[in-house]
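Visitor: I'd like to learn how to read a pocket and a helix pair in a model. Can you walk me through it?

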Amino acid sequence: MNGVGTYEVRTRLLYSSRIGTVFLLLIDASIWLQRPDIVDFHNRVQPIPGAFIQDIYDFVVIGAGSAGAVMAARLSEICHWDVLLLEAGTDETFLTEVPFLYPTLQTSRVDWKFRTEPSEEFCLAMEGNRCRWPRGRALGGSSTINAMLYVRGNRRDYDGWRDLGNPGWGYDDMLPYFLKLEDMRDPNFSNLSYHSTGGPITVERYRYHTALQGYLLDGLKEMGLTNRYGEVNGPVQSGFAVPHGSIRDGLRCSTAKGYLRPATARKNLHISINTMVEKILIDPVDKRAYGVQFEKDNRRFYVMVAKEVILSAGALNSPQLLMLSGVGPREQLERHNIPVLQELPGVGRNLQDHVATGAGGYTIQAPLGATPVAYDFAQSVGVDTLRRFLLEQQGPLYGMPLCEVMGFLNTKYQDPSIDWPDIEVFLASLSDLTDGGRFGKRGTSMSDQYYGEVYEPQVYQNSYMVIPMLSRPYSTGWLELASRRPRDHIRIYPNYFADPRDMQILIEGLKFAQDLARTAAMRRINATLLDYSRSPCRRESVPNEDEFFSCLVRHYTQTIYHPCGTAKMGPVTDPLAVVDRFLRVHHVGGLRVVDASIFPVIPTGNTNVPTIATAEKAADIVKVAYAADLTAHADELRQCSTIHYDYSAAAMKENRVQKMPYDT
């Protein structure tokens, strides 16, 4: 593409970005005035000032994300345990509550703003050949900025964890924790044996959808691909359905909302925000964690622990903190002059992620005289949309356009008789055309040149996108320290497509998108693949269809924000294992890792709910480990008024916390 096209993209984005920014500011201000349910003044977390942080706690939890919030809430149910929760970010914002705005949160102040290292094999359409990896930097972590999709994974995933030498982590062991965290409010599913109510995380359907959803479901029905149970968390995972989300009254239900807000009034739980953990303090002789070093308000703090440090900083930050603390691969630590307290080669290795592609964009045309079938940018940022959201609690802002329909597919590389799909697919009622690159382009860091080549000629046209995601990659990557400075981001090497089977499977996902577009339902709205004739993937420049799709994937490579495995769980005989089945760091006392980094193998599906369930299980593991302490304090526990809380949506809505006895 010539320079004039790139200039045109930049000029138009400069103008449209002002419109988008003004709309976001207007929503934020209007929520303060018109939506007290979102402001939630009486239930919001009250962080502790630095001056009131104690010298010693029973437990220090590092990271208030999808796992850390759960650990802090559950451990502080024991009223004689003092718990300190440390979070680098701030509280959730008003905008994080609004489902439609989830893409705008990427690259904002609630995002860590990670990027992969440059590659010549993937992310070629992105600035500097580097993909963005959004990670939540706020109370609730990535559950505060994700797409809220409620997906548990597949039975075979967890049975596989168990069979790798982790007894107690099979599907039958995990199911009680999936049920424990869940408050299913969809009446069609709440009474089923494999769902439950009353848990901290509320589950609903997204409140708004476009007309495109009907066309997509009709097309899938033609192909025989609808899920016969109407959801992907039921007895059969394969097939397509309208998704459930971690949603409460149409709004986001993060772990901060579900777990921390009900617990924030407890006197034995201190929550410190804007707090940068620099190091876990480990005795070099006893090899036991005895405290945490962190920075807050331009001051350095040292806090001791009587029992344990719980590291829940996520699959990127947890390995970094382990290495900064002297636990990890000897070569990396010595390179940065970090004393090696415990050599564990697996720290930062075994990096797995659900790689996807956004190249399956299709333009559509509404039937004559009808309104746009998919999302229309001009309508979505209009005054009427804001009015409906504020006054009627409905409308496009309650929608999840990135996933009107979702499903799981067995490609030709997977045995169709086994319900263990190798592709997950998101059907989006918009594409990178829809917003003219205002949010989607920025979120992926797509270059102006590539956007100009592919999208600019058809910008703002009604369209949708099929996003296939590789369920179980064969390729694994790794992390490396950039320096010994805690604020320097870890270096990310995803190593996508190192195993050619990954590319072959993902190509099948784009072929499915093509087949869907050819159904009678989608032909009614003239579904047409985007024009790539000006891009590096021109059909005349590649020998066959597979090479064409491979080129598209290598350019428009996309994470679905599911990094995991970088502090894997496994027996001590596993050379890459970092924690045992009780999530204790091998050869280091008083230190556990509880987050997605402990996953030995990535689950078949989105990782947020499995992370929450893992933390629920880990909290019980810790309580069992201190059973003697609980027994010794049995009388105190029975009399304690802050032991166990009702986390249900009903209790929060009424601004009350129900006190219940804890059974020792």
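Visitor: Which residues lie nearest the centre of the second largest pocket?

Guide: A pocket here is an open set of points on a 1 Å grid over the protein atoms alone, where a 1.4 Å probe fits, with protein on both sides within 12 Å along at least five of seven lines; lining residues have an atom within 4 Å of a point. In this case 16 residues line the second largest pocket, and Lys 279, Leu 324, Ser 325, Ile 338 and Arg 484 lie nearest its centre. Keep in mind that the model is predicted: local features need pLDDT of at least 70, side-chain atom pairs count only at pLDDT 80 or more, and totals for chains, interfaces and linings use all residues. Numbering starts from 1 along each chain as its sequence is written, and side-chain values use heavy atoms, with hydrogens and water left out.

Visitor: Which strand gives the largest share of that lining?

Guide: Strands are DSSP runs of E, at least two residues, and helices are H or I runs of at least four, numbered from the N terminus. E11 gives the largest share, 5 residues; E11 (276–283) and E12 (288–296) each supply at least two.

Visitor: At what angle do H5 and H17 pack?

Guide: Axes are lines fitted to C-alpha atoms over the stretch in contact (heavy atoms within 4.5 Å), and angles run from 0 to 180 degrees between N-to-C directions. H5 (residues 171–181) and H17 (residues 608–625) pack at about 105°, their axes 9 Å apart. That makes the two helices, H5 and H17, roughly perpendicular, a label for 65 to 115 degrees. Among the residues that meet are Tyr 177 and Phe 178 in H5, and Ile 612 and Ala 613 in H17.

Definitions and conventions
Angles under 35 degrees count as roughly parallel, over 145 as roughly antiparallel, 65 to 115 as roughly perpendicular and the rest as oblique.
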